[in-house]
Amino acid sequence: MFSKPESKFSRSLAFRLTLWYAVLFVATLCLAFTIIYFLLSLEFSERTDRALERQIDHFTAMLAIKDLESVKEAALIETQAAGEKDVFIRLLLPSGEAFLTSSMSHWRDLDVNTKSIRRLLEGDLTVKETVTLQNPGRDVRIIYAFIGPGIIMQYGQSVAGNKRFLAALVRIFAAAMAGLLVVAVVIGWLLSRRALAGVAAVTHTARSISSESLRERVIVAKGHGDEIDQLAAAFNTMLDRIEDLVTGMREMSDNIAHDLRSPITRIRGLAEVTLTTDAAPTDYETLAGDTIEECDRLLDMINTMLLISKTEAGVGQMQLEVLDLAAIVSEACALFSPMAEDRQIILTGHTPQPLMFTGDLKMMQRMIANLLDNAIKYTNTGGQVRVSADKMNDANQICVIVQDTGHGISPADLPLIFKRFYRCDQSRSLPGTGLGLSLARAVARVHGGEILVSSTPGEGSTFKIVIPSPG
Ligand code: ADP
């Protein structure tokens, strides 16, 4: 058997908020009414008791100054004046036997309570009780008290009026409650709809987003800064990031397709020439050598791309050990000095002191090699490349500076040179993949550092790697 799915409406947050609001509203009102009802009925019964006690005092005082006959007469007048329907009086002997009874036509079932008489005889000053009459079905509050030696007064006062008042109050409250409940539901619904309107906007935007419409954003109301606005702002920030990532990925796949096409086309051209040309064996050897060279370039490119991805993947990919940055820089200078000599470039290294830090040796060597390779590659014959490693002013950082007197980088190109496959126009004639700086930056960042660059076209460039070296 399948259970019937809950309707979309009853699952909505607005519905549940309204329900909660209405339930809390009703519960609060009911509680307030119960307290009021309880306090009122307490006040009514206290008032009745005080009135009964006043009557006892009145007849006690009367008996003290007048004879019994006068009291009897006054008692009968009192019941007639107050209404025989509302009041009755009996005068009793300590045995409980009545020697005066006002009209009891409305109090037929009401007898003398011997237990109350006994309590009086045992010493209680007054005894009060509430009796519910079956017929005609109303409550009466009764007091028993001695008003003189051997004379007990039983005074009964109907409390039907109080009961009627309280019952009417309950009816009014119930009617008002029904009306207020409708108002509460409407107000609750409007409030929750209004409060959740921002969420609906976020949902609408999220639904309408596809890889083509990543530019859509939720409109954030100015000036409020409430939770919904914060949600919308966070959602927009997330969309910015996703858009950057998707754009980055798109650019990368375009670049990969573009940059791999050239070497593959060249390899294909070489193979075609080999097939179609009737050449001497030495020419075939040259063609095969060129093919291998192109393949190596291609492999190098693919390997570098993989290495960048691996490096960007984070610290988990690193083989950490304590290293001396000064030693790494010196070794790199030694490695690149033949290349610099070949190009008649003066390469100088300056590493005054050991600079210890924790990092991945191979990654660091590759990063510094990339910068040195670029500096020599993009500097003309007779130029200079200066490399130095030192502590920064902030003692917790060390740095490597690679400075050249090469052709420099234009301000328009500067923000782009760290992008994958990006090559400035004037560099395209020189060998390169456009991946060296991307890898260098990934290595610096995975070590918690950064690469900074400044350049003046025609004068040269300065690359600065800053790396944390705690302690
Ligand atoms: P590649 O050197 O393989 O082209 P890189 O990522 O190392 O790729 O560098 C990207 C681009 O930045 C280079 O093509 C070049 O135009 C520019 N560039 C990098 N280093 C220097 C430098 N020292 N002097 C001038 N231009 C540079």
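Which residue forms a salt bridge with Glu-53, and how far apart are the closest N and O atoms? The partner is Lys-128, and the closest N and O atoms of the pair are 2.6 Å apart. The model is predicted, and the values in this report are computed from it.

## A salt bridge between a helix and a strand

Glu-53 belongs to helix α2, which covers residues 13-65. Lys-128 belongs to strand β3, which covers residues 126-132.

## Other salt bridges

Side chains of opposite charge can pair when their charged atoms come close. Over the whole structure, a search finds 15 salt bridges. One of them joins Arg-268 to Glu-272, with 2.4 Å between the closest N and O atoms. These two residues are 4 residues apart in helix α7 (residues 227-276), which means that about one helical turn separates Arg-268 from Glu-272. Arg-268 counts as exposed, at 56% relative accessibility, while Glu-272 counts as partly exposed at 39%.

Glu-450 pairs with Arg-445, and here the closest N and O atoms are 2.9 Å apart. Glu-450 is partly exposed, with a relative accessible area of 26%. Arg-445 is also partly exposed, with a value of 45%. Elsewhere, salt bridges link four residues in a network: Arg-215, Arg-217, Asp-240 and Glu-243.

## A nonpolar patch on the surface

Tyr-21, Leu-180, Val-183, Ile-187 and Leu-191 make up a nonpolar patch on the surface. Together these residues have about 400 Å² of accessible area. Helix α5 (residues 160-195) supplies the largest share of the patch, 4 residues.

Val-183 is placed in helix α5. At 41% relative accessibility, Val-183 counts as partly exposed.

## Ligand surroundings

The ligand is surrounded by 21 residues. The closest are Asn-374, Tyr-378, Arg-423, Ser-427 and Leu-437.

For Leu-437, a polar backbone atom is 2.8 Å from an oxygen atom of the ligand. For Gly-434, a backbone N or O atom lies 3.0 Å from a ligand oxygen. For Cys-424, the distance between a polar backbone atom and an oxygen atom of the ligand is 3.1 Å. Taken alone, the ligand exposes 530 Å², and the protein buries 98% of that area.

## Ser-427 beside the ligand

Ser-427, one of the closest residues to the ligand, is found in the loop between β10 (397-404) and α11 (436-446). Is Ser-427 buried or exposed? Ser-427 is buried, with a relative accessible area of 5%.

Neighbours within four places in sequence left aside, Ser-427 is in contact with Tyr-378 and His-407. Tyr-378 is also listed among the residues closest to the ligand.

Technical notes
Residues numbered from 1 in each chain as written. Predicted model: local features only at pLDDT ≥ 70, side-chain atom pairs only at ≥ 80, totals over all residues. Heavy atoms only, no water. Salt bridge = Lys/Arg side-chain N within 4 Å of Asp/Glu carboxyl O. Buried < 20%, exposed > 50% of the residue type's maximum accessible area, 1.4 Å probe, protein only. Patch = residues over 30% accessible without salt bridge, like charges linked within 9 Å, V, L, I, M, F, W, Y side chains within 5 Å. Areas by Shrake-Rupley, 256 points an atom, 1.4 Å probe, with all protein chains shown as cover. Near = heavy atom within 4 Å. Polar contact = N/O pair within 3.5 Å; in protein donor to acceptor, adjacent residues only side chain to side chain. Contact = heavy atoms within 4.5 Å.
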